[in-house]
Amino acid sequence: MIMKNFITIQFKILGDQIAQTAFLKKIESVGGLLRKSIDDSNCGITFNFNYDSDGISEALDHAFNEIWDIKEKFLGYLNEHNLKLDVYIVSNDYDGSTLLYLTKDILRKINFFSVNLFFDFNKPSPEGCSFIEDKTQITIDLGINSKEDRFSPDDCTRQTGIIPDEVIHKGETNSAGRKIPFSEWRIENKRNSQNFDIAIDETINRIEQNLEKLVVYATANKFDIMLNAYITLENDAPDFFMLSAKNIKRIIALNCDVGFDLYDYQDYNLK
């Protein structure tokens, strides 16, 4: 049984205070449930949606459903008053049961509003604990993984014109002497960085000229493209990692889900 975690989705309105007040009055007249979750402070307007959820995609879907019936008015009022919307995902704990992925469907829903998405993946270290490394490390893997015999990584390279960083052929023997039960074709971007969005940008830039060929190949052969982010949190990790509206749109063009794996001080032997 999957345990659910408490996740808060925040819609933060950015811009002139007077314009925010005018926006809020209009939203309150049509917003229904929004009236119950508004935080109108000196820092601006934030809509807070709290859920017991098994994953960030489910929580985001619930939050956007709260305003989906008025989405055109919501977006229209933002544009009318020259305001901007940022979306934050906040949780007290991302444990092993939390499903850390963004589905294709939720990415399309987010893209409707052209928002930047922020994740609070950072966990502060307990007092007395020290990190092994000084720099947060981000690795982005983009590729295809399949157990089907008909998937050929070499054929993927030929048809897309993209040179991968690694290919694995089903049936090969791994270092433990066991046969590998899948084939894989992938490119990798590994960097010491606090900037998740730049890591995504660099990865997609690398294949941009052949991106459409990769999507056509995967679609025609009914293979799933997957983008995975592996983040090792160290003592320079930011409070939030951002995925920009621009790169959300680029990921949608790849027709893929986004998965996250997080590693921090709890995964190491600390002194």
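Is His-81 buried or exposed? His-81 is buried, because its relative accessible area is 17% and the cut-off for a buried residue is under 20%. The model described here is predicted.

**The chain as a whole**

The protein chain has 271 residues, and 48% of them count as buried. Its secondary structure consists of eight helices and twelve strands. Among contacts with a separation of 6 or more, 81% are made by residues 24 or more positions apart. The accessible surface of the chain is about 14100 Å². Carbon and sulfur atoms account for 47% of that surface.

**The surroundings of His-81**

His-81 belongs to the loop that lies between helix H3 (71-80) and strand E4. Not counting residues up to four places away in sequence, His-81 touches Ala-19, Ala-22, Phe-23 and Lys-26. With Lys-26 there is also a polar contact between side chains, at 3.3 Å.

Strand E4 covers residues 84-91, and six of its eight residues are buried. Strands of a sheet pair through backbone hydrogen bonds, either parallel or antiparallel. E4 pairs with strand E1 (residues 5-14) in the antiparallel sense, over eight bridges. In this pairing Ile-7 is opposite Ser-91 of E4. E4 also pairs with strand E6 (residues 116-119), here in the parallel sense and over four bridges. Ile-89 stands opposite Phe-119 of E6, and Tyr-88 stands opposite Phe-118 of E6.

E6 is covered on both faces. Asn-116 and Phe-118 are buried on one side, and Leu-117 and Phe-119 are buried on the other.

**The six-stranded sheet**

Six strands form an open sheet with mixed pairing, in the order E5-E12-E10-E7-E9-E8. Its edge strands, E5 (101-102) and E8, each pair on one side only. E5 and strand E12 (residues 257-263) run antiparallel and are joined by two bridges. Leu-102 is placed opposite Val-258 of E12.

In soluble globular proteins, nonpolar side chains tend to be buried together. The largest nonpolar core in this model has 71 residues, and Ile-9 and Leu-102 have the most contacts inside it. Helix H2 (residues 56-68) supplies the largest share of this core, with six residues.

Which residues are in contact with Leu-102, leaving aside its neighbours within four places in sequence? They are Ile-56, Ser-57, Leu-60, Leu-107, Leu-117, Phe-119, Leu-243, Asp-257, Val-258 and Phe-260. Of these, Leu-117 and Phe-119 are on one side of E6, and Val-258 is the residue opposite Leu-102 in E12.

**Helix H5**

Helix H5 spans residues 153-160, and its buried residues are Pro-153, Cys-156, Thr-157 and Thr-160. These residues lie on the same side of H5, because they cover an arc of only 100 degrees around the axis. The elements that cover them include strand E7 (137-146), strand E8 (166-168), strand E9 (183-192) and helix H7 (211-221). E7, E9 and E8 are also strands of the open six-stranded sheet. After H5 comes Gly-161, which has a positive phi, near 75 degrees.

Ser-114 and Asn-255 have positive phi values although neither is a glycine. The table sets out where they lie.

| Residue | Phi | Loop between | Relative accessible area |
|---|---|---|---|
| Ser-114 | about 50 degrees | helix H4 (104-112) and E6 | 47% |
| Asn-255 | about 55 degrees | helix H8 (245-254) and E12 | 34% |

Why does Ser-114 count as partly exposed? Its relative accessible area is 47%, and partly exposed residues are those between the 20% limit for buried and the 50% limit for exposed. Asn-255 counts as partly exposed too, at 34% relative accessibility. His-81, also a loop residue, is buried at 17%.

Notes: Residues are numbered from 1 along each chain as its sequence is written. This is a predicted model: local features need pLDDT of at least 70, side-chain atom pairs count only at pLDDT 80 or more; totals for chains, interfaces and linings use all residues. Side-chain values use heavy atoms; hydrogens and water are left out. Buried means under 20% relative accessible area, exposed over 50%, partly exposed in between (1.4 Å probe, protein chains only). Two strands pair if DSSP finds at least two bridges between them. Contact means heavy atoms within 4.5 Å. Accessible areas come from the Shrake-Rupley method with a 1.4 Å probe; for residues, only the protein chains shown count as cover. A nonpolar core is a set of buried Ala, Val, Leu, Ile, Met, Phe, Trp, Tyr and Cys residues joined through side-chain atoms within 4.5 Å. The arc is that of the directions from the helix axis to the C-beta atoms. A polar contact is a pair of N or O atoms within 3.5 Å; within protein, one must be able to donate a hydrogen and the other to accept it, and residues adjacent in sequence count only if both atoms are side-chain atoms.
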